[in-house]
Amino acid sequence: MRRKLSLLARGVKHDGTGIAVQIHNISGTGLLFESDIQLEPCDRIEIELPHAGGITAVVIWASGRLFGCQFEGPVSSATLSAVELKSAPAPAPEAIDPVTPASSVRVARPEPALDESRGDTEPESFQDVIDRSREQIARAAGLGIDRVRIIVEY
């Protein structure tokens, strides 16, 4: 399952050059990110992820500023949750595809989430997003919701 998100992260190219990346989605096996760097398929990079530190990934495909990567080993669900919690609440841009030139892709400002499954027409409040996240984490960890604390840093 891919998690859409928007997270600025740091990384290192195989030659030791530091890089900045904008992660657009992530799963247990790989991620999609955007950056100004030059990478080719089969290049290896190390990306700093919350909870896990440096994770090595191999570039599978490159299209302009977009890169699809596969992790050298699986990433834990705890790391995926930490990445999601650290990310901006907006999903990745829908306009990203191999045909669209990267220069024409616009990244929208984060907006409050809508819970379309409930038919909501009003954006969720920030507290509602936190409460829903706490419930999901508690359920996944087999804990009571009172045992889960979320700290938001601005």
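These legends walk you through several close-up views of a predicted model.

**Figure 1. Strand E2 and its two neighbours.**
Let's begin with strand E2, which spans residues 18-26. On one side, E2 pairs with strand E1 (residues 3-13) in the antiparallel sense, over 8 bridges. E2 also pairs with strand E3 (residues 30-34), again antiparallel, over 4 bridges. Of the 9 residues in E2, 7 are buried, so this strand is largely enclosed by the rest of the structure. In a regular strand, side chains alternate between the two faces of the sheet.

**Figure 2. Asn25 and its partners.**
Zoom in on Asn25, a residue of E2. Which residue is its bridge partner in E1? The partner is Lys4. Asn25 also stands opposite Leu32, which belongs to E3.

**Figure 3. Two hairpins.**
Follow the chain from E1 to E2 and you trace a hairpin with 4 residues between the strands. In that turn, look for Gly16, whose phi is positive, about 95°. E2 and E3 form a hairpin too, with 3 residues between them.

**Figure 4. His14 in its loop.**
His14 sits in the loop between E1 and E2. Is His14 buried or exposed? With a relative accessibility of 56%, it lies over the 50% cut-off and therefore counts as exposed. Leaving aside residues up to four places away in sequence, His14 touches Asp43 and Arg44. Thr56 is 42 residues away from His14 along the chain, yet their C-alpha atoms are separated by 9.7 Å.

Now find Ser87, in the loop between helix H1 (77-86) and helix H2 (126-141). Ser87 has a relative accessibility of 13%, so it counts as buried. Its side chain reaches the backbone oxygen of Glu84 at 2.8 Å. Apart from residues up to four places away in sequence, Ser87 touches Leu5, Ser6 and Leu7.

**Figure 5. A salt bridge between Glu84 and Arg3.**
The model has 4 salt bridges by the rule used here. One of them joins Glu84 to Arg3, with the closest N and O atoms 2.9 Å apart. This pair links distant parts of the chain: Glu84 is in helix H1 and Arg3 is in strand E1, 81 residues apart. Glu84 is partly exposed, at 36% relative accessible area, whereas Arg3 is buried, at 15%.

Asp36 lies in the loop between E3 and strand E4 (44-49), while Arg65 lies in the loop between strand E5 (53-63) and strand E6 (66-71), so the pair ties together parts 29 residues apart in sequence. Asp36 is exposed, with 64% relative accessibility, and Arg65 is partly exposed, with 30%. Which residues make up the network of salt bridges? They are Glu34, Asp36 and Arg65.

**Figure 6. Arg44 meets Glu72.**
Because Arg44 lies in strand E4 and Glu72 in the loop between E6 and H1, the pair ties together parts 28 residues apart in sequence. Arg44 is partly exposed, at 43% relative accessibility, and Glu72 is also partly exposed, at 47%.

Key
Residues numbered from 1 in each chain as written. Predicted model: local features only at pLDDT ≥ 70, side-chain atom pairs only at ≥ 80, totals over all residues. Heavy atoms only, no water. Buried < 20%, exposed > 50% of the residue type's maximum accessible area, 1.4 Å probe, protein only. Pairing = 2+ DSSP bridges. Contact = heavy atoms within 4.5 Å. Polar contact = N/O pair within 3.5 Å; in protein donor to acceptor, adjacent residues only side chain to side chain. Salt bridge = Lys/Arg side-chain N within 4 Å of Asp/Glu carboxyl O.
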